[in-house]
Amino acid sequence: MEKVSDISLHVLTSDDFDDVMQLMRRTFYAREVVTNVVGCSDDVMDAMTTAVIQNDLENGVCFGLRDLKTKKLIAVKICSILTRDTHHPLEPVKPETFKQKAILAVAQSVPPPESLFDDPNIEKILYGRFSNVDPDYTRRGLSNILHEACERAGIEKGCQVFYSQVGDKALLGNMINKGCHVLQSTKINEISLDGQPVIPKSDSSDFSISALVKILIPGTYKFKSSL
Ligand SMILES: CC(C)(COP(=O)(O)OP(=O)(O)OC[C@H]1O[C@@H](n2cnc3c(N)ncnc32)[C@H](O)[C@@H]1OP(=O)(O)O)[C@@H](O)C(=O)NCCC(=O)NCCS
């Protein structure tokens, strides 16, 4: 485990794109629960995430931490801002292979972020897409620091609610402690695509995907499932 003496927090911009992708390729895909359960390779995930990340780095709500001693990017949180008129959360993703479609089927098995626009009072959503902390730097609260920075920036930009999808159970508990509510959880081994399960039926794992929301700007909002 690396010793972190000093870290610096930054808004990520397109200048950080190469560093962000390097961190994602080196440390994200091999560890993220849904990617692993569906059996996606790094290539599959890279094809799905590159354009999304490129877009998101323009919006001022993505944050990163650098180790000041090594200058290395050690953690990132990538978020999008969705607005009622311009939301296209999965548009940059062009699924081709079964595994790519399977990942999207998992994401679409719970209410998607744009379902929050069913409430006419919701105009802007902060959509948390990826959190990634270098494994040498985990369990020291770094993802919490990034989450708080993203929330603050989202609120400043008028995002009324935060939305995210989470597969990891420990992380789900942590997000609930941060004030998130579960809209819906779906067991991944019950999801199928073109009549085929997205993970082998023999896989008895009880991994779930959960859609979460948190109110950022006080107001009365209606969500599809009861909170
Ligand atoms: C999930 C992840 C971002 C957490 O980063 P982190 O900096 O270690 O998280 P923090 O130290 O801020 O911990 C936050 C809390 O999350 C929970 N948690 C996170 N990872 C955990 C783990 N592996 N086991 C148990 N609890 C965990 C704990 O409740 C922890 O709080 P605690 O240490 O006070 O108990 C990091 O492990 C990671 O990058 N994982 C791979 C990618 C991924 O799955 N991202 C999430 C989906 S986009």
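How near do the axes of helix α1 and helix α3 come, and at what angle do they cross?

## The model

This is a predicted model, in which local features need pLDDT of at least 70 and side-chain atom pairs count only at pLDDT 80 or more, while totals for chains, interfaces and linings use all residues. Residues are numbered from 1 along each chain as its sequence is written.

## Two helices

The axes of α1 (residues 17-27) and α3 (residues 42-56) come within 11 Å and cross at roughly 150°; helices here are DSSP runs of H or I with at least four residues, and strands are runs of E with at least two. The two helices are therefore roughly antiparallel to each other, a term for angles over 145 degrees.

In this pairing, F17, V20, M21, M24 and R25 of α1 meet D42, D46, T49, T50, I53 and Q54 of α3, where contact requires C-beta atoms, placed from the backbone, within 7 Å.

Not counting residues up to four places away in sequence, I125 touches L82, P113, L116, C159, V161 and Y163.

## Two loop residues

K71, in the loop between β2 (63-67) and β3, has a positive phi near 65° although it is not glycine. R139, in the loop between β4 (124-133) and α5 (142-156), likewise has a positive phi, near 60°.

K71 is exposed, with 9 other C-beta atoms within 10 Å, and R139 is also exposed, with 9; a residue is exposed if 12 or fewer lie within that distance, buried if 20 or more, and partly exposed in between.

How values were computed: Contact = placed C-beta atoms within 7 Å. Axes fitted to C-alpha atoms, helices over the stretch in contact; angles between N-to-C directions. Parallel < 35°, antiparallel > 145°, perpendicular 65-115°, else oblique.
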